[in-house]
Amino acid sequence: STQSTGVVKCLQMRLPRLSRNFGSKRSVRSVRGTHDLFGATGLDAQRWLCQVAERVCGRYGFEHISTPVMEHLEVFARTLGDTSDVVSKEMYTLEDLSGHTLALRPEGTAAVVRAMIQH
């Protein structure tokens, strides 16, 4: 879509600048408290756990939903309030090339509700 193309272009413009900031003197590490999952010990265990959770939830009529990690800021501003700490202080936002303000999803509820309304 045009919107996702704009986000990609926006990120591509910033990537060279980000890579210059990680010179040889600084090590690039994952964020504290996060983990990279790969190989038999990581991804396989995660897949197994997700499959078990989906089977159990499916027995009770729930289905899997996956929403984008990025949403329009309005999705969160409407549900959390423009002046809430999450919206005003704790949310990562960026402006795409079309001038829309996008936010990294701080929690899942608003994105799931948006998806249910949209579809």
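Analyst: The account below begins with the strands and then turns to the loop. The model is a predicted one.

Strand β3, residues 101-104, pairs with β1 in the antiparallel sense, over three bridges. In this pairing, Glu71 stands opposite Ala103 of β3. Strand β3 also pairs with β2, residues 93-95, again in the antiparallel sense and over three bridges. Here Glu95 is the residue that stands opposite Thr101 of β3. Strand β3 therefore has pairings with both β1 and β2, since two strands count as paired when at least two bridges are found between them.

Strands β2 and β3 form a hairpin with five residues between the strands. Within this hairpin, Gly99 takes a positive phi near 90°.

The loop to consider next lies between α2 (39-59) and β1 (70-72), and Thr67 is found in it. Is Thr67 buried or exposed? Its relative accessibility is 16%, so Thr67 counts as buried, because the limit for a buried residue is under 20%. Leaving aside neighbours within four places in sequence, Thr67 is in contact with Arg105, Ala111, Val112, Arg114 and Ala115.

The side chain of Asp44 is joined to that of Arg47 by a polar contact of 3.3 Å.

Definitions and conventions:
Residues are numbered from 1 along each chain as its sequence is written. This is a predicted model: local features need pLDDT of at least 70, side-chain atom pairs count only at pLDDT 80 or more; totals for chains, interfaces and linings use all residues. Side-chain values use heavy atoms; hydrogens and water are left out. Helices (H or I, at least four residues) and strands (E, at least two) are DSSP runs, numbered from the N terminus. Buried means under 20% relative accessible area, exposed over 50%, partly exposed in between (1.4 Å probe, protein chains only). Contact means heavy atoms within 4.5 Å. A polar contact is a pair of N or O atoms within 3.5 Å; within protein, one must be able to donate a hydrogen and the other to accept it, and residues adjacent in sequence count only if both atoms are side-chain atoms.
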